[in-house]
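Let us walk through this structure by question and answer. Look at the helices and strands as you read.

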Amino acid sequence: MEVTKTRIFIADVRILNEPHRLATAMEVVSQARREKATRLKTPGAKALSVGAEMLLQQALKCVHGISGALRIAPGEDGKPMLSDYPDIHFNLSHSGHYVVCGLGFQPVGVDIQKMERPNLKLARRFFASSEADWLLALPAAKQTRGFYDLWALKEAYMKYTGKGFKLPLHAFQVDCQNESAINPGALIVVDGNSMAVVIKNYPELENYVLWGVTDRIGFQEKLEWISL
């Protein structure tokens, strides 16, 4: 297989809030996803869960011509993987009205967050001390985006490693001390060492932040929209 850049796909799930459309969508996802969605309480939460796997299906068909039911199983450290296509890496995220899928031939983590008024006390509790210092020193007008940029980028890195929340948020840091905003040139530092990762920000969505982390080849520049 030719090694290409990691691609980021996105879809709006609001169409799945309609009961008949959600029922139809439930029929095309895996049994495990149906069971997970059934346990969720609200139509919006169900739409996000089902929509995430639908987006993965459509991204795989678009890029690789793969169609039909997917066999998804936990890999090392529990990160989901495609049992029949172990060389294809993916990662899913959802928030608000959107689901996001990172897809490529190298490990990838993506995270999308809808911005609301943050509880800045969480910065001291969960972030590295240098990150909290940076965030709380920002002008008040920039603190909301700073908080969510940090949270989404850190979670994307955690998912990239495959460890997820087994890797605590405070166990590594985003080196943002000399900047007024986090940018894709920021370094991720673990035990004093800079990680050899590629960071990508997709700023197109109003009131949302979206970050991706991968390695070597990097990301396609454009966010790719898919209709569910």
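Contact means heavy atoms within 4.5 Å. Helices (H or I, at least four residues) and strands (E, at least two) are DSSP runs, numbered from the N terminus. Axes are lines fitted to C-alpha atoms, for helices over the stretch in contact, and angles run from 0 to 180 degrees between N-to-C directions.

This is a predicted model, where local features need pLDDT of at least 70, side-chain atom pairs count only at pLDDT 80 or more, and totals for chains, interfaces and linings use all residues. Residues are numbered from 1 along each chain as its sequence is written, and side-chain values use heavy atoms, with hydrogens and water left out.

Q: Is helix 2 roughly parallel or roughly antiparallel to helix 3?
A: Angles under 35 degrees count as roughly parallel, over 145 as roughly antiparallel, 65 to 115 as roughly perpendicular and the rest as oblique. Helix 2 (residues 31-39) packs on helix 3 (residues 43-64) at about 165 degrees, with the axes 8 Å apart. Helix 2 is therefore roughly antiparallel to helix 3.

Q: How many charged residues does the contact of helix 2 with helix 3 have?
A: Ala, Val, Leu, Ile, Met, Phe, Trp, Tyr, Cys and Pro count as nonpolar, Asp, Glu, Lys and Arg as charged, and the others, Gly among them, as polar. Arg33, Lys36, Ala37 and Thr38 in helix 2 meet Lys46, Ser49, Val50, Ala52 and Glu53 in helix 3. By class there are 3 nonpolar and 2 polar residues, and the charged ones number 4.

Q: Is helix 1 oblique or roughly parallel to helix 3?
A: Helix 1 (residues 19-26) and helix 3 pack at about 45 degrees, and their axes are 10 Å apart. So helix 1 lies oblique to helix 3.

Q: Why is strand 11 largely enclosed by the rest of the structure?
A: Buried means under 20% relative accessible area, exposed over 50%, partly exposed in between (1.4 Å probe, protein chains only). On one side, Tyr208, Leu210, Gly212 and Thr214 are buried, and on the other Val209, Trp211 and Val213 are too. Strand 11 (residues 208-214) is largely enclosed because its buried residues number 7 of the 7.

Q: Which residue of strand 11 is the bridge partner of Gly109?
A: Strand 6 (residues 109-114) and strand 11 run antiparallel, joined by 6 bridges. The partner of Gly109 is Val213.

Q: Which residue takes a positive phi in the hairpin of strand 10 and strand 11?
A: Strand 10 (residues 198-201) pairs with strand 11 in the antiparallel sense over 4 bridges. Between the strands of the hairpin are 6 residues. The one with a positive phi, near 70 degrees, is Asn207.

Definitions and conventions:
Two strands pair if DSSP finds at least two bridges between them.
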